[in-house]
Amino acid sequence: MTTTRPTLCALLLGLCAALPAWAERPSYRCVYLADAGAEDFSWPEGINGEGTIVGLGSANALGPRAARWKKTAVTDLGDLVPDQGLGSRAYGINAQGVIVGSGRNELLDTRPVRWKGGVIQELPTLPGSLRGEAHGINAHNHIVGSSSQGDNALPSHAVLWRGDKLFDLGALGPRASRPQRASIARAINDAGTIAGDSDLDDQHNWHAVRWDSDRVIHDLGTLPTGAHSSAYGLNQAGTIVGRSNYEGGALYQFHAVAWVADVPLDLGTLPGHVTSQARAINASNLVVGSSAAEGSTARAVLWRGLDQAPVDLNSLLREPCVNDVAHRYTLVDAAGINDGGVIAATGWTMGWDGGPRFSAFRLVPR
């Protein structure tokens, strides 16, 4: 049974009501964030309450490099192995400015890392693990991500780093089968609620999941007739956002979803589009992500509430997004939004050589 938006909002006792005045029809100032190298490439992944953004700031032959944008100043966060250019990624940043992500070691294994005070530190992994990543961090410096298991022949599991303790968050299914199933944790709020995905069965159907502060896993399910879903973000109230395939869509087509009290709500797509995903949600239930038509470039979108249709963020700009040489960009993804409504977005343009160029932008509400 599908719950309609008005009915769901009535049941949620005001979760869908009372947006800030500017959110009724927001407009944004688009701020270009320069890359950290000379490659004309950057891609934001996370934002904190102060508007500091982290993500990929440059690229080289071996991989991308993590970067931080504070106001308009960019900092190259460096690699796990100094001066080797092996590659790193930044996914999340908390209010204290602690950043989490991954970096490659000398053997080119991807390892989970944390940047604190500008210093990169490798995080522990499960016994015998070679691979891992850190994706989310809360105000208590609790970190979530993934780590391979044992001899690395087994799939990776979602993990939680809390102080000097590492917890294997397991996966869906009977306990005996869990080592054979993969899972990943992507976000954690200050109450300790964690959002991510887990392999559901032997058919490798993935479902969005929630771990409560007691680390018990809960299957969030999919939209009606869907087989796969993923969770990417959550807010302090515990509303989780992501995507699910849907009735009438192809297996590779998804709709953005919000799970409120574990009920999946279809957030829809832009008109004429077949695929969307929700990447982040703030305290006012403003949601950001992307939407795309079949075979076309995606568009960055904003949902101005859980009962609202998506709006193309490009249509909300006071002026077009341009880089430092006035090259115009189209916003194709929005990965983060803070409680002040500031958005971390990615823009796309065609380079002088005819190849695509991607750059990070900060969208500031006006």
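Modeller: A salt bridge here is a side-chain nitrogen of Lys or Arg within 4 Å of a carboxyl oxygen of Asp or Glu.

Colleague: What kind of model is this, and how are residues numbered?

Modeller: This is a predicted model, in which local features need pLDDT of at least 70 and side-chain atom pairs count only at pLDDT 80 or more, while totals for chains, interfaces and linings use all residues. Residues are numbered from 1 along each chain as its sequence is written, and side-chain values use heavy atoms, with hydrogens and water left out.

Colleague: How many salt bridges does a search of the whole structure find?

Modeller: The search finds nine.

Colleague: Which residue does Asp197 meet in a salt bridge?

Modeller: Asp197 meets Arg186, at 2.7 Å from N to O. Asp197 belongs to strand β15 (residues 194–199) and Arg186 to strand β14 (residues 183–188), 11 residues apart. Strands are DSSP runs of E, at least two residues, numbered from the N terminus.

Colleague: Is Asp197 buried or exposed?

Modeller: Asp197 is buried, its relative accessible area being 2%. Buried means under 20% relative accessible area, exposed over 50%, and partly exposed in between (1.4 Å probe, protein chains only).

Colleague: Turning to Arg279, what is its partner Asp333 doing, and where do the two lie?

Modeller: The side chains of Arg279 and Asp333 form a salt bridge at 2.5 Å, N to O. Arg279 is in strand β22 (residues 275–281) and Asp333 in strand β27 (residues 328–337), 54 residues apart. Salt bridges with shared partners also join Glu45, Arg279 and Asp333 into one network.

Colleague: Are Arg279 and Asp333 buried or exposed?

Modeller: Both Arg279 and Asp333 are buried.

Key:
Helix = DSSP H or I, 4+ residues; strand = E, 2+ residues; numbered from the N terminus.
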